[in-house]
Amino acid sequence: MTSQSGARNDDSKREQTSPDSESSPTFGPQPGVSKQDASRRKFLQTAMGSAAAGAVTAGMAPSSALAQTLLTPEQALKELLDGNKRFVSLKLTSFEQDVAILRNHTSEKQQPFASVLACADSRVPVELIFDQTIGHIFVARVAGNFITPEIIGSFEYGAAVLGTKVILVMGHGSCGAVDATIQHKAVPGQISALFPYIQPAVSKAGTDVDTVSKANARIQAALLRDSSTVISSLVDHGKLKVLAAFYNIGSGVVSLL
Ligand SMILES: [Zn+2]
């Protein structure tokens, strides 16, 4: 259950890291919204800057219809990791936000501050484990969380157009796709189409599932950085971080690799 004092402390910390938090005109506290709610929302408003501020796009003209987060890559990463701490300690705040209001505010535009590539595994609910809600994280999921041209294109869109400031490539414990690749299991249908993407991590890291999952996350994060000039350019200019991470499905903890 939510601890009121814990959540308030988190809010005040976030406000300290948020420049300009009083001046964001995007959307103010709503009637009937609690102080705690309003405080967290204020942070998120700051995270979602006004029209195309800091438009990062490589050769892409900012549109007045687009707005991007004002968070730095470091602040965006901190917001993700702080959210994971709230998840681990069962002090979630995202459920306290009014979903109807959020849905209304994001119906015509989105301003996610982070992207996450995760496994399709049902035990890896990305928004939940980072304590985020509608409009905050740009997520792609595929069993084995590996990079393909389609995934690259998706994250290029997330970073260059929507303005995400951090991309996490996140493996997890007890991954079935990794285990099946290690075992070279006979599988029905097209499941084996997953294996070639994960095989480099198996070749590098051996037969322990979690060790291979971590190696795979590192390999895929490097692949994403190196195979996209859009993403590598943003990284080189300090406007984007691309990091590998590992989710412990037992403890709920996300660790950077
Ligand atoms: Zn998995």
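Leaving aside its neighbours within four places in sequence, which residues is Thr133 in contact with?

## Thr133

Thr133 is in contact with Ser94, Gln97, Leu102 and Glu127, leaving aside its neighbours within four places in sequence. Contact means C-beta atoms, placed from the backbone, within 7 Å. Thr133 is found in the loop between helix 5 (126–129) and strand 4 (137–141). Thr133 counts as buried because it has 21 C-beta neighbours inside 10 Å; the cut-off for buried is 20 or more other C-beta atoms within 10 Å.

## Model and numbering

This is a predicted model: local features need pLDDT of at least 70, side-chain atom pairs count only at pLDDT 80 or more, and totals for chains, interfaces and linings use all residues. Residues are numbered from 1 along each chain as its sequence is written. Helices (H or I, at least four residues) and strands (E, at least two) are DSSP runs, numbered from the N terminus.

Five strands form an open sheet in the order 4-3-5-6-7, with mixed pairing. Strand 4 and strand 7 (254–256) are the edge strands, and each pairs on one side only. Pairing requires at least two DSSP bridges between two strands.

Strand 6 (residues 241–247) pairs with strand 7 in the antiparallel sense, over three bridges. Ala245 stands opposite Leu256 in strand 7.

## Helix 3

Helix 3 (residues 73–88) has 16 residues. Its buried residues include Leu77, Leu80, Asn84 and Phe87. Helix 3 is followed by Leu90, whose phi is positive, near 55°.

Methods
Buried ≥ 20, exposed ≤ 12 C-beta atoms within 10 Å, placed from the backbone. Contact = placed C-beta atoms within 7 Å. Expected span 1.5 Å × (residues − 1).
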